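Please take a first look at this protein with me. The briefing below goes topic by topic, in short points.

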Amino acid sequence: EKTNIESELRRLQTTNQQLNQNASEMHTALLRLRKNELDLCAQMLETKENKEELSRLMFSDTAIFHRFHEMAASPSADVSKQDWTQLEDTLNDLFPHFLCSIQRMAPKLSNMEKQTCMLVKMGIPNRGMKKILDYSNVSLLQARIFTKLSGKPKGSVKEFTQLIDSL
C-alpha cells in the first residue's frame with residue numbers, strides 16, 4: 001500500500017507540474033493577446049488622429065474657411081445666411097460628429113452660440129468673432145457656452161477652445 005501511495009503522490013506531483021506549466025503557458029499566451037490588443041488600439045488611435053488631421057487640413061483649404069478668415073481680418077464683416085449654411089455643410093462633411101455632439105451636449109444652444117462654436121472650430125480669433133457675430137463680449141458668450149456644454153460652472157477661453165477642438 002505504501003508503494004501505491006508513493007506512486008499516486010508521484011502522479012499527483014507530475015500532474016501538478018503539468019498544470020503549472022500549462023498555467024504559465026496560458027498566462028504567456030494571454031499576455032501576448034493583451035499586447036496584440038493594445039497594439040491594435042494604438043494603431044486605431046493613430047488612424048483616428050491621422051484622419052482628424054487630414055480633415056483639419058482639408059477644411060483649411062476650403063473656400064468657406066478662407067471667406068470667414070477674410071471677414072474676420074477685414075474692418076467689417078458681411079456674413080450671409082448662405083455663408084453660415086455653407087460653413088455648417090462643410091463642417092458636417094469633414095467633421096460629421098462635431099455639430100451633432102454640440103447638439104447632444106446642449107440641445108438649447110442659440111443660433112449665435114452654435115455659430116460661435118463653428119467659428120472656434122475654424123480658429124477664428126475673438127476679435128474676428130466680434131465682427132462676424134456683431135457681438136462685443138465674445139469671451140462672456142464663450143464662457144456661457146462652455147457651461148452649457150460641459151456642465152461646469154466656470155471655464156476659461158482656453159478650456160472652451162480645447163473642448164470644441166476635441167469634438
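Buried means under 20% relative accessible area, exposed means over 50%, and partly exposed lies in between (1.4 Å probe, protein chains only). By that rule Asp 134 is exposed, with a relative accessible area of 69%. This is a predicted model: local features need pLDDT of at least 70, side-chain atom pairs count only at pLDDT 80 or more, and totals for chains, interfaces and linings use all residues. Residues are numbered from 1 along each chain as its sequence is written, and side-chain values use heavy atoms, with hydrogens and water left out.

**Overall build**

- The protein has eight helices and zero strands. Helices (H or I, at least four residues) and strands (E, at least two) are DSSP runs, numbered from the N terminus.
- Along the sequence the pattern reads α-α-α-α-α-α-α-α.
- The radius of gyration is 29 Å, whereas a compact globule of 167 residues would have one near 15 Å. This radius is taken over C-alpha atoms, and the globule rule is 2.2 Å times the number of residues to the power 0.38.
- Along the principal axes, the C-alpha atoms fill a box of roughly 105 × 35 × 20 Å.
- Of the 167 residues, 27% count as buried.
- Take the contacts between residues at least 6 apart in sequence: 57% of them join residues at least 24 apart. Contact means heavy atoms within 4.5 Å.

**Helices H7 and H8**

- The axes of H7 (residues 138-150) and H8 (residues 157-166) come within 9 Å and cross at roughly 55°. Axes are lines fitted to C-alpha atoms, for helices over the stretch in contact, and angles run from 0 to 180 degrees between N-to-C directions.
- H7 and H8 are therefore oblique to each other. Angles under 35 degrees count as roughly parallel, over 145 as roughly antiparallel, 65 to 115 as roughly perpendicular and the rest as oblique.
- The crossing of H7 past H8 is left-handed. That is the case if the near helix is turned anticlockwise from the far one by less than a right angle; clockwise gives right-handed.
- From H7, Ser 139, Gln 142, Ile 145, Phe 146, Leu 149 and Ser 150 meet Val 157, Glu 159, Phe 160, Leu 163 and Ile 164 of H8.
- This contact of H7 with H8 has seven nonpolar, three polar and one charged residues. Ala, Val, Leu, Ile, Met, Phe, Trp, Tyr, Cys and Pro count as nonpolar, Asp, Glu, Lys and Arg as charged, and the others, Gly among them, as polar.

**Helices H3 and H5**

- H3 (residues 81-94) and H5 (residues 111-121) pack at about 60°, with axes 11 Å apart. That makes H3 oblique to H5.
- Trp 84, Leu 87, Glu 88 and Leu 91 of H3 make the contact with Gln 115, Met 118, Leu 119 and Lys 121 of H5.
- The residues of this contact of H3 with H5 divide into five nonpolar, one polar and two charged.

**Single residues**

- Phe 59 lies in helix H1 (residues 2-60). Phe 59 counts as buried, at 3% relative accessibility.
- Beyond its neighbours within four places in sequence, Phe 59 is in contact with residues including Phe 65, Leu 87, Leu 91 and Met 122.
- Gln 142 sits in H7 and counts as buried at 1% relative accessibility.
- Asp 134 lies in the loop between H6 (126-133) and H7. Asp 134 is not a glycine, yet has a positive phi of about 55°. Most residues other than glycine have a negative phi.
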